[in-house]
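Please look over the sequence and the structure shown below before reading on. The briefing that follows takes a few places in turn and groups what can be said about each by topic.

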Amino acid sequence: NAGTAAIHSAVPAPDGSVWFTEQGSNKIGHWDPTTQKITEFQDAMIPGKENTLGGGSKHTLRVAADGRVWATGGPLSVYDPAAAKFTPVPQIPSAYGIALDQQGTVWFAEFTPAGQIGRIDPKTLAVTKYQLPTNRAFPRRIQVDTDGTIWVAEYTAGKLAHFDPKTEHITEYDLPGPEATPYALGIGADHTIWYSSEYMDYIGRLDPATSKVTKYPTPQSENTMREFYLDDQGRMWFGSPTNNKVGYFYLAK
């Protein structure tokens with residue numbers, strides 16, 4: 001295999017195994033903790049662009065309850081382990097963030113100048129897209145709250161967006177600082193929204209009820225936090241690639 005795997009995303013499946021993306025080689029991988037075996041699955045490359053990101057890439061993934069593995073990148077795709085088959089979603093040639101709601105609907109964010117957010121019907125693969133109010137927002141991460149509403153990090157716009165699928169209404173919240181650059185995105189059990197500022201090296205907490213944002217300094221600069229994961233104890237877990245650390249934070253009572 002030429003080049004590097006460039007693992008970008010790794011998430012646990014319901015059965016305790018781990019699926020991960022190989023952005024550099026357009027593969028997804030599967031690690032079985034019982035056998036310690038890693039199996040790779042190669043998606044097709046565009047002819048003439050093999051082993052390049054332009055030929056195909058896998059970025060961030062999520063594992064659905066039915067075992068299928070959804071991955072952003074170019075294009076967004078779904079892998080069915082039972083059929084050993086990748087299915088591309090050509091209406092989404094490039095996407096970044098991805099999340100699954102309780103009904104299995106796939107939500108995605110297009111991290112491009114004209115990027116939209118949208119959803120995929122997991123049964124029919126029908127795609128519906130929604131335009132954000134701010135131009136060139138560059139939506140990056142996307143999360144689903146327990147109430148079924150959607151939160152999006154507008155990276156370039158320096159905002160968080162809230163989308164209600166029932167009303168299709170979008171509300172935006174301005175974030176503090178000249179380059180807020182929200183990247184990692186997480187939702188607390190109390191429905192407050194946490195984000196990391198990529199350029200300003202702080203963690204922010206938005207209270208949607210008051211629109212107030214509280215900033216918390218990070219222990220090291222250049223936090224480069226990519227994703228947040230909430231555990232059942234209320235702790236928000238993160239990775240800090242530049243600092244070669246993983247950790248968690250929570251609000252002390």
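Predicted model: local features only at pLDDT ≥ 70, side-chain atom pairs only at ≥ 80, totals over all residues.

**Around strand E8**

- Leaving aside its neighbours within four places in sequence, Thr87 is in contact with Leu76, Ser77, Val78 and Leu125.
- Thr87 and Asp121 are 34 residues apart along the chain, and their C-alpha atoms are separated by 14 Å.
- Ala84 lies in the loop between E7 and E8, and with a relative accessible area of 57% this residue is exposed.

**Backbone features in loops**

- Most residues other than glycine have a negative phi, and most peptide bonds are trans.
- Ala84 has a positive phi of about 55 degrees, although it is not a glycine.
- Asn26, in the loop between strand E2 (18-22) and strand E3 (27-32), also has a positive phi, in this case near 60 degrees.
- The relative accessibility of Asn26 is 1%, so this residue counts as buried.
- Gly74 and Pro75 are joined by a cis peptide bond, with omega at about -15 degrees, and Pro75 is found in the loop between strand E6 (69-74) and strand E7 (77-80).

**Nonpolar cores**

- The largest nonpolar core has 14 residues, and those that touch the most other members are Trp107, Ile117, Leu132, Ile142, Ile150, Val152 and Phe163.
- At least two residues of this core are supplied by each of strand E10 (106-109), strand E13 (139-144), strand E14 (150-154) and strand E15 (159-164).
- Ile142, one of the core residues named above, is in contact with residues that include Gly97, Trp107, Ile117, Ile150, Val152 and Leu185, when neighbours within four places in sequence are left aside.
- A second, separate core is made of 13 residues, among them Ala153, Leu175, Tyr195 and Val213.

**Salt bridges**

- Side chains of opposite charge can pair when their charged atoms come close, and in this model the count comes to ten salt bridges.
- Which residues are linked with Glu227 in a network of salt bridges? The network joins Glu227 with Arg62 and Arg141.
- In the salt bridge between the side chains of Glu227 and Arg62, the N to O distance is 2.5 Å.
- This pair links distant parts of the chain, 165 residues apart, with Glu227 in the loop between strand E20 (212-217) and strand E21 (228-230) and Arg62 in strand E5 (residues 57-63).
- Glu227 is buried, with a relative accessible area of 11%, and Arg62 also counts as buried, at 14% relative accessibility.
- Glu227 forms a salt bridge with Arg141 as well, the closest N and O atoms being 4.0 Å apart.
- Because Glu227 lies in the loop between E20 and E21 while Arg141 lies in strand E13, this second pair ties together parts that are 86 residues apart in sequence.
- Both Glu227 and Arg141 are buried.
- Asp190 and Arg205 meet through their side chains in a salt bridge of 3.3 Å, N to O.
- Asp190 is in the loop between strand E17 (182-187) and strand E18 (193-197), whereas Arg205 is in strand E19 (residues 202-207), 15 residues apart.
- Asp190 is partly exposed, with a relative accessible area of 46%, whereas Arg205 is buried, at 17%.

**The hairpin of E17 and E18**

- E17 and E18 pair in the antiparallel sense over four bridges, and Gly186 stands opposite Trp194 in E18.
- The two strands form a hairpin with five residues between them, and His191 in the turn has a positive phi of about 70 degrees.
- Six of the six residues of E17 are buried, so this strand is largely enclosed by the rest of the structure.

- Trp237 is found in strand E22 (residues 236-240), and at 31% relative accessibility Trp237 counts as partly exposed.
- Together with Tyr229, Tyr248 and Tyr250, Trp237 makes a nonpolar surface patch of about 420 Å².
- Ser240 is also found in strand E22, but Ser240 is buried, with a relative accessible area of 6%.
- Not counting residues up to four places away in sequence, Ser240 touches Glu222, Asn223, Thr224 and Lys245.

Conventions:
Residues numbered from 1 in each chain as written. Heavy atoms only, no water. Patch = residues over 30% accessible without salt bridge, like charges linked within 9 Å, V, L, I, M, F, W, Y side chains within 5 Å. Areas by Shrake-Rupley, 256 points an atom, 1.4 Å probe, with all protein chains shown as cover. Buried < 20%, exposed > 50% of the residue type's maximum accessible area, 1.4 Å probe, protein only. Core = buried A, V, L, I, M, F, W, Y, C linked by side-chain atoms within 4.5 Å. Contact = heavy atoms within 4.5 Å. Pairing = 2+ DSSP bridges.
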